[in-house]
Amino acid sequence: MIDVKGLSKSFGNHLVLDNIDQHISPGEKVVVIGPSGSGKSTFLRCLNLLEQPTAGTITFDGVVITDPRVDIDAIRRQMGMVFQHFNLFPNMTIRRNITLAPVRTGLMKQEEADAEAAKLLERVGLTEKADSYPAQLSGGQKQRIAIAGVIAMEPRCIVLDEPTAMLDPIGRADVLRTIKTLNRERGVTVVLITHHMDEAAQADRLVVMAKGRIVADGAPKEVFQDVEGLKSVGLTVPDTTELLWELRREGLDVPLDALSDEECAQALKELLA
Ligand code: ADP
Ligand code: MG
């Protein structure tokens with residue numbers, strides 16, 4: 001679905017992305033982690049050319065979007081983007097916030113978009129908020145509305161830059177559930193940046209960035225086993241991995257790949273048996 005080859009990006013003489021190669025398959029849920037300033041946001045913004053790459057090619061569904069002749073608006077419609085700040089218009093109702101883009105871009109007529117908005121609100125569990133204004137919603141609700149607004153454009157792929165960073169635990173859980181449903185039930189490809197390691201553990205594939213490069217790429221279970229490597233670039237690991245790693249350092253024979261709470265509990269049970 002997305003193919004990135006030799007992607008570099010500089011701001012002035014500051015090299016922020018250094019020769020990135022990456023392939024994202026349809027329906028995949030890819031999570032990107034990395035210390036602050038490692039280039040995660042720049043990488044995501046390059047994917048739909050919100051930033052212009054300095055070098056390299058990006059192909060989306062067979063179309064080389066880094067080619068200047070490409071209609072980037074058409075590509076952006078297929079690649080929804082959600083940010084940390086919710087990007088809702090404060091002076092418009094929730095319904096209007098969701099229908100604005102599909103109507104303006106000619107994707108739908110107003111009545112059609114209204115009907116679609118009703119469905120989307122139901123999907124994100126916020127039907128009763130259609131006539132409310134953003135200020136009347138919690139952070140988690142606003143972010144779910146922002147996501148509804150993005151999926152109103154029927155993208156095949158959705159790219160989220162720390163969508164849960166501003167949220168309390170309940171809002172975060174709601175947003176994550178919404179993203180999971182989109183990915184698992186609607187087959188929407190998801191690329192998500194987070195600094196929550198428990199969110200990273202839920203990825204199909206985990207990409208670790210440091211200093212503008214990809215330093216690890218694989219299943220979370222595998223990537224998280226390199227505890228020292230991750231710590232050396234200033235990252236943490238999930239609590240389960242941390243606990244098992246500490247026990248191993250004490251010389252106890254526990255597996256490092258028991259990532260979920262259940263697997264970790266099982267590993268501890270076997271240790272005690
Ligand atoms: P991350 O999302 O991993 O925290 P960013 O991609 O936001 O990292 O930033 C990577 C580096 O690029 C940082 O050093 C940041 O200061 C720099 N940077 C990002 N955007 C710009 C910009 N528009 N102009 C200049 N420098 C930038
Ligand atoms: Mg960032």
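Predicted model: local features only at pLDDT ≥ 70, side-chain atom pairs only at ≥ 80, totals over all residues.
**Helices 3 and 4**

Select residues 94–104, which form helix 3, and residues 110–123, which form helix 4. The two helices pack at an angle of about 125°, and their axes are 9 Å apart. Helix 3 is therefore oblique to helix 4. The crossing of helix 3 past helix 4 is right-handed.

Next pick Lys109, in the loop that runs between helix 3 and helix 4. Lys109 counts as exposed because its relative accessibility is 57%, and the cut-off for exposed is over 50%.

How far apart are Glu116 and Lys119 in helix 4? They are three residues apart, so about one helical turn separates them.

**Helices 5 and 6**

Move to helix 5 (residues 139–151) and helix 6 (residues 169–186). Their axes come within 8 Å and cross at roughly 20°. Helix 5 and helix 6 thus count as roughly parallel to each other, since the angle falls under 35 degrees. Helix 5 passes helix 6 in a right-handed crossing.

Now show the side chains of Asp174 and Arg144. Asp174 forms a salt bridge with Arg144, and the closest N and O atoms are 3.2 Å apart. Because Asp174 lies in helix 6 and Arg144 in helix 5, this pair ties together parts of the chain that are 30 residues apart in sequence. Are the two partners buried or exposed? Asp174 is buried, with a relative accessible area of 18%, and Arg144 is buried as well, with 10%.

Select Glu28, Arg205 and Asp217 together: salt bridges that share partners join these three residues into one network.

**Another salt bridge**

Side chains of opposite charge can pair when their charged atoms come close. A search of the whole structure finds 18 salt bridges. One of the pairs to select is Arg69 with Asp67, whose side chains meet at 2.8 Å from N to O. Arg69 is exposed, with a relative accessible area of 74%. Asp67 is partly exposed, with a relative accessible area of 22%.

**Loop residues with positive phi**

Most residues other than glycine have a negative phi.

Where is Leu49 placed? Look in the loop between helix 1 (40–47) and strand 4 (55–60). Leu49 has a positive phi of about 60°, although it is not a glycine. Leu49 is buried, with a relative accessible area of 11%.

Then go to Glu162, in the loop between strand 7 (157–161) and helix 6. Its phi is also positive, at about 45°, and Glu162 is not a glycine. Glu162 counts as buried because its relative accessibility is 15%, and the cut-off for buried is under 20%.

**Gln202 and Leu259**

Select Gln202, in the loop between helix 7 (197–200) and strand 9 (205–210). Gln202 is partly exposed, with a relative accessible area of 46%. Gln202 and Leu259 are 57 residues apart along the chain, and their C-alpha atoms are separated by 9.7 Å.

Which helix holds Leu272? Leu272 lies in helix 11, which covers residues 261–272. Leu272 counts as exposed, at 75% relative accessibility.

How values were computed. Residues numbered from 1 in each chain as written. Chains lettered and ligands numbered in written order. Heavy atoms only, no water. Helix = DSSP H or I, 4+ residues; strand = E, 2+ residues; numbered from the N terminus. Buried < 20%, exposed > 50% of the residue type's maximum accessible area, 1.4 Å probe, protein only. Axes fitted to C-alpha atoms, helices over the stretch in contact; angles between N-to-C directions. Parallel < 35°, antiparallel > 145°, perpendicular 65-115°, else oblique. Left-handed = near helix turned anticlockwise from the far one by under 90°. Salt bridge = Lys/Arg side-chain N within 4 Å of Asp/Glu carboxyl O.
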